[in-house]
Amino acid sequence: MMQRLIFSLLLLGSLTACEKEIDIDLNSTDPKLVIEALLDDSGKGAWVKLTQTVNFSDTIGNPVQSGALVVLVRLSNSSRDTLQQLPDSAYILPNYVPVYGEEYAFEVTHQGNFYRATARMPQPIPIDSLVIDPSFGTGGLPGNRADTTNQRNALLYAFYNDPPAASNYYQIQAFQNDTVTDNLFLYNDEVNSGLFQVSPVFVQTYINGRIRVELHHIDQAVFRYLTNLNTNIGQSSASPANPISNFSGDALGYFKLYANTSAEFQLVEPLGP
Amino acid sequence: MRYLLLLVGLLATSNSFAQNFTLSGYIKDAKTGEALIGAVVAVSGAPARGTVTNVYGYYVLSLPAGTYDFQVSYLGYTMLKQSLIMRASQKLNIELKPAQQQLKEVLVTGEADDQRLRQSQMGVEKMNIATVNKLPILFGERDVLKSMQLLPGVKAGGEGQSGFSVRGGNLDQNLILLDDAPVYNASHLLGFFSTFNSDAIKDLTLHKGTAPANFGGRLASVVDVRMKEGNNQKYNVSGGLGLIASRLNVEGPIQEGRSSFLLSGRRTYADVFLRLNDDFANNSLYFYDFNAKLNYRLTDKDHIYLSGYFGRDVFSFDDQFGINWGNATGTLRYTRLISDKLFLNSSLIYSNYDYNIGFSTSALDININSGIEDWNIKQELQYFASNTQQWKVGYNVIYHTVTPGLVNAENTDISSLQKRGLESAAYVSHDWKPTERFNITSGLRVSHFAALGGSNYYTLDANRTVIDTFNPAGVAAQYAFLEPRIAVNYNLTTTSSLKTSYTRNTQHIHLVSNAIASTPTDRWLMTTNNVAPEIGDQFSIGYFRNFKENTYEFSVETYYKWMQNQLDYKDGANDQATVIDPELLFGDGRAYGLEWLFRKNKGRFTGWLSYTISRSERRIDGINKGAWYAARQDRTHDVAVVALYEISERFNVSAAWIYQTGNAVTFPAGKYNIADQVVWLYTERNGYRMPAYHRLDLGATYQLKPKRKYSSELAFSLYNAYGRQNPFLINFEQSATNPNRTVAVQTALFRWVPAVSWNFKF
């Protein structure tokens, strides 16, 4: 009885934490161009989306920027390809496949301003295997058992060989039934360069659920950009800032040039108790 | 040369008192044998003279032959008066009796009635542990570090945090010493509790960046915490049962009057209750503290002390993920009275802070270890030249080893990444009363830091990009500084004084933190070729006035502090980077303010009112386009009102109210989409303010009817009595009802936290 009382008092203390919406008078700011430029070796081709920033109090709406000139340049032979815009949407160059080890640039001309980013195409790193951790998710972590649907937390390991050359950076994305999960996993080989890598990937799945894991071999600038993007979105830093773009000309966003490999995993047996 | 002549002159002056006899001895608590620090010893007679005891309770007076009225006073103790005939030098050890025979087991209090007025040091505060025990506090856990935040010039790190900022300094610019051993992370459970179990603490002195030359190594403050020595008269057991923790303290003589021990422990048991809930059955979340001290008087002149602290936080989920962190300190000290006037103090000190994160599953074992370890030798000679002059000469050598937070995969060699440094200092400090009205403390500290080889150092270009890595065999970088200090007190009248001081401090151990609350994983760095030492210069002036025979005291102090090589992360830094040097930026800092304190010390109603108006700013190339910006802890107004009332001998009530301008924070000015996620657009660092913070806490202690050998009390507290929702953090998120809209959401942590604890002693 006494314990119950103390427990309740304790809960009272910790559960008094409460959230509420408040009004803060935030400054307004001039709109800035945001460039999201993606190119990989999967054959999907180049994809570039131009948007603008809006004030905090505005709705995001559809600030897609049209009428820009977007050119992909292969630096070794100066070949230039202009991307075509889909109506009110992204600029694309379908089926374009970059050459490993070559340098590429995106050049964007928009409302008289010029923006440029360059990157070198990394080598593809195949995923050796995907393994599920049988001991994970059998208790403990809050929310695991509270789940009444068949969905549950699971931990996969992606195994792959890091090349001996220094400083490799990876992003792992997990897709459940072709929908990307929220989580963004970033790894580098700073402490175990050239070794067999074991990278944890936390996913949610269910029996017979199909998980596709993509391993993106990226460069340092993009790795940094994504690390900062995670911090920015999660608001976990005391001195938050804008992720540093690899585009020149005071633009936001990034050019991600990456080698893309993938593997699939299907959960066939129930996990744990 | 002129300085040398002056020194010779001074020594000659002291020689002119050579015909005097020496009166010296120790002042102790009659019941426990604890040395009383800062007790006032005075004689009235032909020449009136007075002094205060040092940290070992030792005093020296020089007196010509004659008859005197001798008196010893100490707040909270019955004053002792006796007549004294001086015909030869003599020893006089005094035992003072506590004023009231109550449960206030740690009635060791700060200072004599007007000590604050008369000492030359400014920016000094003593925390009275008896007062600390009566103040209301979060979860009812008495906490000297948190009570200290009610003093002017000291600001809490955040809601319920034991981290603090002194005079606009950063949290890592405070040197926290427990029996001379640095405590690198003085907090438990993400800062909600301090590591100081008040059962084991005797005395706390805070120097707000104006410490004399025997202290050094941090810019903002020195918090000098002394552990109790243990009762050398009789055995004592005391302790308490609280809402979240229990404490037990055992002390007593090993040989009566000659040696004693103290053992003190505390452990929280929140997790015991958590386990009642099935979902948390395999989890742990607790901390504990253990303090021990042995002291042994070898002869009348030689004394050995051995003290230690060990505390740890343990947090684990399901035996798969665990994090634990903690401090360990140890101090071996030998003091010797070489002659009546010469006191030697030698210490060997160990200090360690480390944290450990483990993630272990069937396929993977990841361990992250990080920490800072110190070996420290300190020696000081205190020379009581005369009643008007006192010298301290000493040195201090510290060998630091810093292990950065590294993923310890099986085949990584951590030792090449561990940084080692040697921090040395030698000092001389001089207390001088040239006339009855003047009191001057001057000093010089010579400090040196060597970043030692044996690990990797980096050469950066102008853009702070690594262009070379080297691993020197000897010294990678070294710096030397002269740190002059002077403090002058001029007594305008017997009840008022004017003080001024100048102090330079340097700092070679830095903490870079990027988190909103203090986390155990904050990163410690040492000065290297790329991380320049921090330098702080502080100038201050103050006016002190006491009223009604020291019943009331009033003071106003103003300061200006200039800081060099202040470090911060650059925009978009990777705080997890193995090589941290390129992620940091350096610049200047300035802090200035005005501190008012009005305090009532005597009577049934006591308390104080403190108000600080201040600024703290930084200017760093690469942040906010190189313009001055507010430091996170910059809070313009800071008010504390503390009231204690003794309703009866057995019943005390207390209240504390604080008001603070909100911290400077960075809020977004706009937003955009990347990969269908909302990303925040920032335009400047620390350009906004959190809403103002205010809170009222109430407390009461009631002593249950004492039995013959046993007494106990109940302590009640109510934290945040009017339940204000003070924002702990403000997050920006997509509105749940309309994802195209974004809203600001504040999280408030504690509203109306009641607590009760039961304390006993037998």
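Here are legends for a few close-up views of this predicted model.

Residues are numbered from 1 along each chain as its sequence is written, and chains are lettered from A in the order in which they are written. Local features need pLDDT of at least 70, side-chain atom pairs count only at pLDDT 80 or more, and totals for chains, interfaces and linings use all residues.

**View 1. Domains 2 and 3 of chain B touch each other.**
Chain B splits into domain 1 (21-96), domain 2 (115-225) and domain 3 (226-761), with bounds that come from an automatic or database domain assignment. The C-alpha centres of domains 2 and 3 of chain B sit 7 Å apart. Their contact uses 65 residues from domain 2 and 117 residues from domain 3 (two residues are in contact if their C-beta atoms, placed from the backbone, lie within 7 Å).

**View 2. The largest nonpolar core has 78 residues.**
A nonpolar core is a set of buried Ala, Val, Leu, Ile, Met, Phe, Trp, Tyr and Cys residues joined through C-beta atoms within 7 Å. Buried means that 20 or more other C-beta atoms lie within 10 Å of a residue's own; exposed means 12 or fewer, and partly exposed is in between. B:V144, B:M148, B:L177, B:I201, B:L204 and B:V223 touch the most other members. At least three residues come from each of domain 2 and domain 3 of chain B. Apart from this core lies another, of 58 residues, including A:V203, A:F247, A:A251 and B:W680.

**View 3. Zooming in on B:V144 and what it touches.**
Leaving out residues up to four places away in sequence, the contacts of B:V144 include B:M127, B:I129, B:V132 and B:F196. B:I201 and B:L204 are also among them.

**View 4. Strands β18, β19 and β20 of chain B pair up in turn.**
Strands here are DSSP runs (E, at least two residues), numbered from the N terminus, and two strands pair if DSSP finds at least two bridges between them. β18 (236-241) and β19 (245-255) of chain B run antiparallel, joined by 6 bridges, while 10 bridges join β19(B) to the antiparallel β20 (259-268) of chain B. Look for B:E251 in β19(B): B:N236 is its bridge partner, and B:L262 in β20(B) stands opposite B:E251. In the hairpin of β19(B) and β20(B), B:G257 takes a positive phi near 75°.

**View 5. B:D537 sits in strand β35 of chain B.**
B:D537 counts as partly exposed because it has 17 C-beta neighbours inside 10 Å. Beyond residues up to four places away in sequence, B:D537 touches B:R504, B:K561 and B:W562.

Conventions:
Helix = DSSP H or I, 4+ residues; strand = E, 2+ residues; numbered from the N terminus.
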